[in-house]
Amino acid sequence: MSIISAIIVLGGIGLLSAAILYVVSKRFFVKEDSRIALVEELLPGANCGSCGRSGCHDFACACATADSLDNLVCPGAGEEAMKKIADIVGLAPTASKPKVAVLHCYGTCANRPVMAEYDGPSSCAMLQTMGAGTTACPFGCLGCGDCVKACRFGAMHMDPVTGLPSIDPDKCTGCGACAKTCPRHIIELRDKGPRGMRVWVACSNKEKGAVAMKECSVACIGCGKCVKACPHEAVTVTDNLAYIDPAKCKLCRKCVLVCPKGAIHDSGFPMSAADMAALAERKRKEAEEKKASQSDSQPKD
Amino acid sequence: MNQILTISASPHLHTRRTVASCMWHVVVALLPALAASLYFFGVGAAIVVITAIAGCAAFEYIINRWMFHRPSTLLNGSAILTGLLLAFNLPSNLPVWIILIGCLVAIGIGKMSFGGLGCNIWNPALVGRVFLLISFPVQMTSWPLPIVNRWAYADASTGATTLGILKMGGDPASIDLWNSATGAMGGSLGEVSAIALIIGVIYLLAVRVITWHIPVAIVGTVALFTLCIGGNIAIELLSGGLLLGAFFMATDYVTSPMSHKGMLLYGAMIGIITVVIRQWGAYPEGMSFAILLMNSFVPLINRYIKPRKFGERGAGK
Amino acid sequence: MRTFHIGGVHPPENKITASSKIIDVELPREVVVVFAQHIGAPASCIVKKGDHVERGAIVGQATGFVSANVHAPISGTVTKVDKVKGANGMPCDTITIASSDDDHENDLKAIREAKPIRSSDEIKALSAKDIIDIIDNAGIVGLGGATFPTKVKLCPPPGMAADVVVINAVECEPYLTNDHALMLECPDGILAGVEMLMRAANVDRAIIGIEANKANAISLLRQRISELGMNGISVMELMVKYPQGGEKQLIDAVLGKEVPSGALPISTGAIVQNVATAYAVYEAVTYGKPLVDRVVTVTGPSVERPGNYRATIGMPISELIALAGGVPTDTGKIILGGPMMGKTIVNIDAPTIKGVSGILMLPESMSARHPVEPCIRCAQCVSACPMGLEPYLLATLSRYSEWEDLEKEKVMNCVECGCCSFTCPSSRPLLDYIRLGKSTVGAAIRARQSQKK
């Protein structure tokens with residue numbers, strides 16, 4: 001008998017609870033646009049905030065209610081996903097150039113003399129308040145990896161050999177979290193470039209040439225050779241520091257070759273700039289020889 | 001100048017006090033009580049203390065080494081202190097295997113399962129003690145008689161504690177207060193000698209390891225509450241684990257509140273709960289339960305009772 | 001004996017230079033004058049390369065209300081207008097002045113034969129505005145280390161009035177003795193300066209707060225006050241406790257009033273000025289001398305000749321260190337200011353500026369931080385915080401970027417005195433995190449305010 005009563009009591013409690021749960025879930029059901037969930041599935045879910053919204057769900061809600069996708073771009077999701085999202089919400093996709101983070105510093109342990117030791121929690125923001133940091137350069141990377149901590153996509157790590165953050169362009173979504181975090185503002189979001197080819201000045205030093213040279217062996221000294229070398233007027237020098245405008249740069253890499261300090265870096269090219277130049281030189285010579293031989297042969301005609 | 005200078009944020013000076021020195025100060029403060037317990041309970045006390053300290057130290061080392069893969073933290077003395085406090089809360093005839101279970105629960109569950117030093121919610125020694133009290137009620141409440149059992153361990157003759165006598169309806173007048181103060185009575189091995197414990201707490205206050213707030217709040221509330229319900233203040237204060245708890249267990253850094261106001265509230269609540277359990281509860285002694293209960297409330301106390309901020313008094317005094 | 005009411009710590013005092021007299025440092029032949037020597041807008045350069053400047057001439061004009069003039073500390077020719085690395089390694093705008101033999105001779109002569117430019121009657125005839133103008137022109141800033149322009153403090157915002165001048169002669173930082181030495185050697189000048197400050201602020205009461213560890217300065221000042229018959233100036237002996245030299249703590253200690261959170265100290269009716277500032281005011285009013293030199297304590301446990309040096313502003317830090325016997329070989333940190341709030345430097349060839357109260361060379365064994373251990377929630381930091389904050393909580397919130405909670409917990413009240421980090425038995429870098437949180441929250445608050453406008 002006691003078993004039966006126990007079963008009845010417990011079963012009764014169970015049924016009652018189920019009924020309450022059912023009623024409550026029906027009564028307080030919040031109707032949500034079904035497209036929001038679909039959009040959210042396409043988003044990276046990192047809540048990085050680079051879209052300007054408070055998180056991925058917020059972005060999805062905004063997409064579902066928006067009239068156009070002009071200001072709604074998720075750099076993390078990529079172009080394909082954005083097209084799909086546009087399909088879901090029935091709007092035209094916005095064309096956007098994929099961006100990638102580049103570091104305007106190449107002051108590796110070998111390139112920059114160490115002036116001081118830092119004793120404290122590893123944080124660029126804290127080190128920045130103490131002045132120039134541990135090296136002579138007051139503009140370059142502080143090397144505590146605040147950007148690496150800020151990256152939600154695992155695209156950055158501190159390189160123990162160089163002491164600088166290294167950016168994986170395949171994983172980088174261009175969300176800009178690192179650029180926002182960097183207290184020295186030496187990370188820039190640049191166009192990823194055709195097939196990932198891009199050229200940039202890997203230095204942020206605004207000191208005059210002589211001082212900059214002492215501070216770092218690969219510092220931009222503002223000599224302006226790159227400005228003269230560039231056929232597209234893409235390079236400018238302000239405050240003793242060169243900058244390559246990605247909108248004007250045609251990726252010819254003449255600047256890379258002329259830079260006396262090796263401060264201009266390139267990436268994504270199938271061949272190094274020097275090899276390219278050598279190849280071009282050889283081709284030019286061959287062509288000249290051909291022309292010469294042709295012109296030699298011409299009088300015979 | 002070719003030296004490489006160090007840069008760091010201010011301040012550039014640091015007090016000489018370390019975690020280890022705090023812990024060792026408490027251990028030193030417990031030495032008079034340890035001496036008293038060795039005097040009254042002899043061999044049994046020695047065996048229990050050594051087992052508890054060794055057990056706690058060993059478990060902490062093992063867990064750190066093979067589960068957390070962290071460097072050993074034995075030298076900061078916190079495990080040794082936990083062992084000593086656990087031993088102080090046990091009767092002197094407790095079998096070694098039970099003590100070891102207590103050590104495992106105290107260190108393993110009470111401390112390391114939360115992440116180690118500084119992360120635990122409850123006082124580890126008390127977690128171990130209460131676990132044993134509930135699991136082995138017979139062994140944990142057979143109290144060897146003092147002095148006569150100096151050379152006895154497992155075969156010690158036992159009797160009731162002062163609070164036990166009172167709970168059973170004994171006559172308060174039959175209790176010798178001088179014996180209660182010196183420690184010549186039944187009880188856990190570290191709690192008996194009020195005088196030794198008071199010497200210890202004076203040392204702790206003198207070296208500024210603890211502040212007066214918690215001990216005074218507990219002792220004061222117990223005295224006041226006992227007075228209100230018409231009990232005998234001297235017996236309530238001198239018997240059971242009240243002084244040990246008020247001076248050394250409730251003042252444990254990790255599990256006590258951060259602000260002075262919070263400490264006073266915490267102490268007062270411990271005092272009230274202790275007297276309530278002693279008077280109306282099933283157990284003759286309620287100190288450990290009271291402390292553990294209030295330990296649970298510490299995060300709440302920290303959340304809502306804040307120290308007075310500078311400027312709140314205003315410009316007009 | 002009075003002191004402030006909340007928190008505080010007792011770091012070892014180590015005032016090794018307490019009994020040494022002020023040593024006058026020879027005029028340097030070349031100085032580098034920095035334009036941003038004070039809190040507020042940097043002065044703008046009004047000379048150019050090749051100009052000849054006289055000692056005490058203005059070379060940098062104050063820009064805006066919270067700013068201060070910068071003067072030429074020596075006569076000479078401007079040889080460079082350039083960026084030079086400051087003590088922390090960051091480039092800052094400077095000019096370099098080099099003196100010829102003639103200039104040098106003239107300067108020495110001028111210093112030796114300095115005569116008052118105003119007689120005591122003339123000084124008595126000066127109005128409050130006159131005195132403030134003289135202070136403004138002389139580029140006087142708070143010499144305790146914060147370098148807040150003095151004239152700004154003397155001009156309270158509308159609706160607020162001062163009723164007392166509090167002179168900060170506490171010098172609660174360990175090691176530093178520059179104010180102590182100044183009080184022992186120039187008590188009359190200080191008292192005259194205090195009287196001028198009282199008149200500038202339009203009050204009839206001044207209290208000089210001195211910690212009890214400077215008993216000889218207390219008795220000397222008291223004696224001089226009664227001998228000179230100065231009414232309204234009194235000396236108050238305070239208990240030794242750090243950070244009593246903080247403006248808010250000093251007002252609490254001396255007047256028993258607390259500056260409300262977010263309010264200016266003037267809301268309690270008190271204007272706090274450093275004792276060295278009072279002396280600088282006296283020199284400016286009486287001799288017409290702008291702020292071109294100051295007393296600097298060069299010290300450290302293993303420094304050969306620690307002492308209090310009257311140094312010309314603009315001379316390299318390394319020259320002062322050389323006078324004290326050079327950098328000891330065991331040095332780990334060189335600190336500008338005291339060990340509790342001073343800043344570590346990397347470039348000892350940088351010029352001295354107005355705010356340098358001390359140069360402290362700490363051996364590596366003393367300055368190195370201890371290994372960080374877990375927080376044992378001992379509440380030492382809560383007891384030590386002079387602002388009644390909970391440093392353990394602030395540091396943790398800051399570490400996990402909980403900026404909103406951090407603001408609610410009043411992180412902006414933090415005075416960065418370092419008591420929490422000093423007292424933590426686990427050697428946790430509490431202040432490092434709190435400072436980070438404070439700057440982040442402060443930026444957010446400013447952004448919000450500018451949005452509202």
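Predicted model: local features only at pLDDT ≥ 70, side-chain atom pairs only at ≥ 80, totals over all residues.
**Legends: Thr17(C) and chains A and C**

View 1. Thr17(C) counts as buried, since its relative accessibility is 0% (buried means under 20% relative accessible area, exposed over 50%, partly exposed in between; 1.4 Å probe, protein chains only). Thr17(C) lies in the segment before β1 (22-24) of chain C. Leaving aside residues up to four places away in sequence, Thr17(C) touches Tyr175(C), Thr177(C), Thr297(C), Val298(C), Thr299(C), Pro306(C), Gly307(C) and Asn308(C), where contact means heavy atoms within 4.5 Å.

**View 2. The fold of chain C.** Chain C contains 16 helices and 17 strands; helices (H or I, at least four residues) and strands (E, at least two) are DSSP runs, numbered from the N terminus. The radius of gyration of chain C is 22 Å, which agrees with the value near 22 Å that a compact globule of 453 residues would have. This radius is taken over C-alpha atoms, and the globule rule is 2.2 Å times the number of residues to the power 0.38. Along the principal axes, the C-alpha atoms of chain C fill a box of roughly 65 × 50 × 50 Å. Of its 453 residues, 57% count as buried. Among contacts in chain C between residues at least 6 apart in sequence, 73% join residues at least 24 apart.

**View 3. The fold of chain A.** Eleven helices and nine strands make up the secondary structure of chain A. Chain A is more spread out than a compact globule, because its radius of gyration is 29 Å, well over the 19 Å that the globule rule gives for 301 residues. Its C-alpha atoms fill a box of roughly 120 × 65 × 40 Å, taken along the principal axes. In chain A, 38% of the 301 residues count as buried. Of the contacts in chain A between residues at least 6 apart in sequence, 57% join residues at least 24 apart.

**View 4. The surface of chain A.** Chain A exposes about 17100 Å², of which carbon and sulfur atoms supply 58%; accessible areas come from the Shrake-Rupley method with a 1.4 Å probe, and for residues only the protein chains shown count as cover.

**Notes.** Residues are numbered from 1 along each chain as its sequence is written, and chains are lettered from A and ligands numbered from 1 in the order in which they are written. Local features need pLDDT of at least 70, side-chain atom pairs count only at pLDDT 80 or more, and totals for chains, interfaces and linings use all residues, while side-chain values use heavy atoms, with hydrogens and water left out.
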